Amino acid sequence: MNYDVIVIGSGPGGYVAAIRASQLGLKTAIVERESLGGICLNWGCIPTKALLKSAQVFEYINHASEYGIKTAEAEADFAAVVKRSRGVAEGMSKGVQFLMKKNKIEVIMGTAKVKPGNKVDVKSPDGSQKEITAKNIIIATGGRSRELPNLKQDGKKVIGYRQAMVLPEQPKSMVIVGSGAIGSEFAYFYATMGTKVTIVEFMDNIVPVEDEDVSKQLLRSFKKVGIDVMTSSSVESVDTSGTGCKVQVKTAAGMQTLECDIVLSAAGVVANIENLGLEETGIKTEKGKVVVDEFYNTSVKGYYAIGDIVSGQALAHVASAEGITCVEKIAGHHPEPIDYNNIPGCTYTTPEIASVGYTEKAAKAAGYELKIGKFPFSASGKASAAGAKDGFVKVIYDAKYGELLGAHMIGANVTEMIAEIVVARKLETTGHEMLKSIHPHPTMSEAIMEATADAYGEVIHL
C-alpha cells in the first residue's frame with residue numbers, strides 16, 4: 001500500500017490535486033470519509049446553486065407579466081426544490097467517481113490520520129484499520145460551519161448550512177446570523193420562496209468583505225424583496241424552549257427580541273484539523289490553520305496542506321489552484337506561487353456579486369492615487385432588455401501607471417464577467433488597454449469598458 005501521493009479529503013482541493021498528480025505520472029490514492037467531491041459538490045457550491053436557480057425561476061414566473069407573459073399563479077413545491085438540488089449534487093459526485101477511475105486513482109473510503117514516517121492510518125466504515133504510506137501526503141480536509149459560543153446548533157431550530165439545504169418543510173420565518181456569501185445566498189433563496197427573512201450582521205455593512213458601494217446596493221436590493229437587515233448587531237442568545245425561537249439581538253438602540261421558526265448560523269467556516277494526527281506528527285498549526293509555505297509544505301517534510309485548512313480565501317477555486325500548484329512542485333515542475341490578491345470572489349444572490357483585487361478603501365490605505373469608474377446597469381441596453389437594471393460595475397485604476405487594481409460588480413450574471421478582470425490583472429493590462437478593447441454590444445460585459453471610460457473621463461453612455 002505504498003504510493004507517490006496520498007491525498008486526504010476529496011473536495012475541490014483534494015480531488016483536483018489527485019487528478020493532477022496522476023496526470024504527472026505519480027501513483028496516487030485519495031482517502032475520503034464521507035462522499036467524493038467533499039462539501040463543495042455535496043453540501044456547498046453546487047447544491048446551493050441548484051436551490052438558487054429554483055428560486056430564480058420562481059421569481060421569473062411571478063414577474064412574468066413584466067415581460068408580457070400571462071401565467072397562472074405559481075406555487076413552489078419546497079420538497080421538490082430540495083430533491084432537485086440533492087439530485088444535482090449526487091450527479092456531480094458520480095462525476096468525480098468517474099474521474100477517479102479514468103485517472104487510475106485508488107479511492108479508499110475511511111477516516112485518515114497522519115503518522116510520522118510518511119504513514120497514514122485509515123479506519124474503514126466497517127471499523128477495520130489499515131496503514132498506507134507515500135513519499136508525499138497532502139492534507140485537504142476542508143472546513144465546516146463555524147459554531148458561535150452563544151449560538152449552539154441543535155440541527156433542528158438552530159441550524160448550519162447543511163441543514164438549511166434539506167429542511168423537511170419550508171419555515172414561515174427565519175433569522176440568518178451573518179451576511180457573508182453563505183448567509184446572503186440563503187437569505188435570497190428563502191425570501192424568494194416566501195419565508196420572512198431577517199439578517200443579523202455584526203459588521204457595519206452586509207457582505208462586509210466587499211467594496212462598500214456593493215454592500216449598499218445589495219442592501220437596497222434585499223430590502224426591495226422584503227428582507228429585513230440589521231447591521232452593527234449581534235445575536236446574544238436564542239431561546240428554543242417554545243414552538244419556535246426567540247432571538248435576543250443587541251443593537252445600537254438596545255436589545256430587541258425577534259421571533260422565528262428557524263435560526264440559521266452563517267458566521268463562516270472553521271477548518272477540519274482535529275483528530276488528524278497533526279500534533280503527533282509534528283505539523284505546526286496557528287490560529288486554527290495549518291502553517292505552510294508558498295508551495296504548501298508544512299513544517300514536516302513530505303507533508304502538505306491545501307484548501308480551507310490553510311490561510312487564504314476559503315473558496316473552492318482557491319483550493320483547486322493550491323492543489324495543482326502543490327502537486328506540480330512535488331513533481332519537479334516550476335509553478336508560480338499563487339497571487340492571493342488576484343482571486344475572484346462570487347456571491348450568487350440576485351443580483352449577483354463578483355469582485356477581485358483591491359476595494360476602494362484598501363487601495364487608498366495602500367497609498368495609491370486612484371482613478372475610479374462606475375457604470376450602472378440602469379444605463380445598459382442589455383440589462384434593460386433583460387429587466388435586470390439593479391447594480392453596476394466599478395473599476396479601480398492606479399492613476400500613475402494605469403494598473404488595474406480591482407473591480408467590483410453587482411448585477412445579473414456578473415459572476416460570469418469577473419474572469420475578464422482576473423485575466424487582465426494577470427497580464428498587467430492598463431486602463432488604456434481595457435478602454436481600447438472593443439466589447440460586444442449589447443452585452444452586460446460592455447459595462448466594464450464603460451466603467452473604464454468613466455474612470456478616464458471618456459464615458460459615452462452616461
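Which strands does α7 lie across, and at what angle does α7 run to β24? In this predicted model, α7 lies across β21, β22, β23 (392-398) and β24, and runs at about 0° to β24, where angles run from 0 to 180 degrees between N-to-C directions of axes fitted to C-alpha atoms, for helices over the stretch in contact. Local features need pLDDT of at least 70 and side-chain atom pairs pLDDT 80 or more, while totals for chains, interfaces and linings use all residues. Residues are numbered from 1 along each chain as its sequence is written, and side-chain values use heavy atoms, with hydrogens and water left out.

**Sheet**
- Five strands (E runs in DSSP, at least two residues) form an open antiparallel sheet in the order β20-β21-β24-β23-β22, with β20 (345-347) and β22 (370-376) as the edge strands.
- β21 (residues 352-357) and β24 (residues 404-411) pair over six bridges, pairing requiring at least two DSSP bridges, and G357 has G406 in β24 as its bridge partner.
- Helix α14 (residues 446-455; helices are H or I runs of at least four residues) packs on the sheet, touching β22, β23 and β24, contact meaning heavy atoms within 4.5 Å.

**Second largest pocket**
- The second largest pocket (an open set of 1 Å grid points with protein on both sides within 12 Å along at least five of seven lines, for a 1.4 Å probe) has a volume, the space filled by probe spheres set on the points, of about 1000 Å³.
- Its lining, residues with an atom within 4 Å of a point, comprises 31 residues, of which Q56, E59, T350, G387 and A388 lie nearest the centre.
- The largest share of this lining, seven residues, comes from α3.
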